Amino acid sequence: MDELAEAGACAEAIIPPPETLLKYDKPVISTSTDPSKKQPASPQQLTDGTSNRNTLKILNSIFPPREWMQGDWLCVQHVSSAPSARVDIIQLEEKLDTQLSQRQARSTGICPIRRELYTQCFEELIRQVTTNCAERGLLLDEVRREINMTLNTYKTLYASSITYGISKAFQAEQAKAEMEQRNAELEKEIQVLQEELKVEKGKFDEIEKRERDKVVIQRNNYMEEIKFMKEINKNLQDQLDETEKEEHVCNTEPL
């Protein structure tokens, strides 16, 4: 009795978790610190009739109770099983717009805040539908699970694509670095070859000049030799002509 009284006193000082768009009952204190043990039902659930127990079980299976430790006490908060009316939908829409504005959610593109708030809004819609028709609530929960599975698949694919893109970019950077290094080596090799070409070209020009001078010298020598031979030939021709004249004179003189 003392433990229950103390739990009741502590229940007034429970610090609830952050508020969400999904509607919960007031948190209660569990006398057990083992979360695996069965937790007490909320005051709202205790006042429900037997006909709603299946709906309560379905709600708890769709939205498990929130649990947290506060001091030495285990706090439990069940999702609300209160039926919904038109005013609840209007209030939910107003809360959604207010939260989107206060938390500065982006209206377009990928926004985790907007995604979180719309997820909470959808969960609240599932809760409201479940309180009126449990079968519809279960079907909507299957839709929610399918949507979440698809989104998780897209997230996995996105993360894989990011990883793949990063690896490809890293490989491209490595290839770029290798190409730049190879380019630097080739440029250095080109400079060495240009220096060697410059040296060889100088040698070629020197040899060409030397050979050209040699040809000029040889030509001059040949010209001098030809000139000398022509002079010898002329002298011999003159001597031959003189000899012929003398023979002619001798032959024409009377005996």
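**Figure 1. Overview of the chain.** Six helices and three strands occur in the chain (helices are DSSP runs of H or I of at least four residues, strands runs of E of at least two, numbered from the N terminus). Their order along the sequence is α-β-α-α-β-β-α-α-α. Of the 255 residues, 20% are buried (under 20% relative accessible area, with exposed being over 50% and partly exposed in between; 1.4 Å probe, protein chains only). Of the contacts between residues at least 6 apart in sequence, 66% join residues at least 24 apart (contact means heavy atoms within 4.5 Å).

**Figure 2. Packing of helix α5 against helix α6.** Helix α5 spans residues 112-132 and helix α6 residues 134-252; their axes lie 6 Å apart at an angle of about 160°. Axes are lines fitted to C-alpha atoms, for helices over the stretch in contact, and angles run from 0 to 180 degrees between N-to-C directions. The two helices are therefore roughly antiparallel (over 145 degrees; under 35 is roughly parallel, 65 to 115 roughly perpendicular and the rest oblique). Residues of α5 in the contact include R115, F122, I126 and V129, and those of α6 include A134, R136, L140 and L151. By class, the contact has six nonpolar, four polar and five charged residues (Ala, Val, Leu, Ile, Met, Phe, Trp, Tyr, Cys and Pro count as nonpolar, Asp, Glu, Lys and Arg as charged, and the others, Gly among them, as polar).

Figure 3. Q128 counts as buried because its relative accessibility is 4%. Its side chain makes a polar contact of 2.9 Å with the side chain of E124 (a pair of N or O atoms within 3.5 Å; within protein, one must be able to donate a hydrogen and the other to accept it, and residues adjacent in sequence count only if both atoms are side-chain atoms). Beyond four places in sequence, Q128 contacts S84, D88, I89 and L92.

**Figure 4. The largest nonpolar core.** Nine residues form this core: L22, Y24, I58, L59, I62, F63, V79, I126 and A134 (a nonpolar core is a set of buried Ala, Val, Leu, Ile, Met, Phe, Trp, Tyr and Cys residues joined through side-chain atoms within 4.5 Å). Helix α3 (residues 53-62) gives the largest share, three residues.

Figure 5. Leaving out residues up to four places away in sequence, L59 touches V79, S80, S81, R127, T130 and T131. Another core, apart from the largest one, has six residues, among them L92, L96, L100 and L117.

**Notes.** Residues are numbered from 1 along each chain as its sequence is written, and side-chain values use heavy atoms, without hydrogens or water. In this predicted model, local features need pLDDT of at least 70 and side-chain atom pairs count only at pLDDT 80 or more, while totals for chains, interfaces and linings use all residues.
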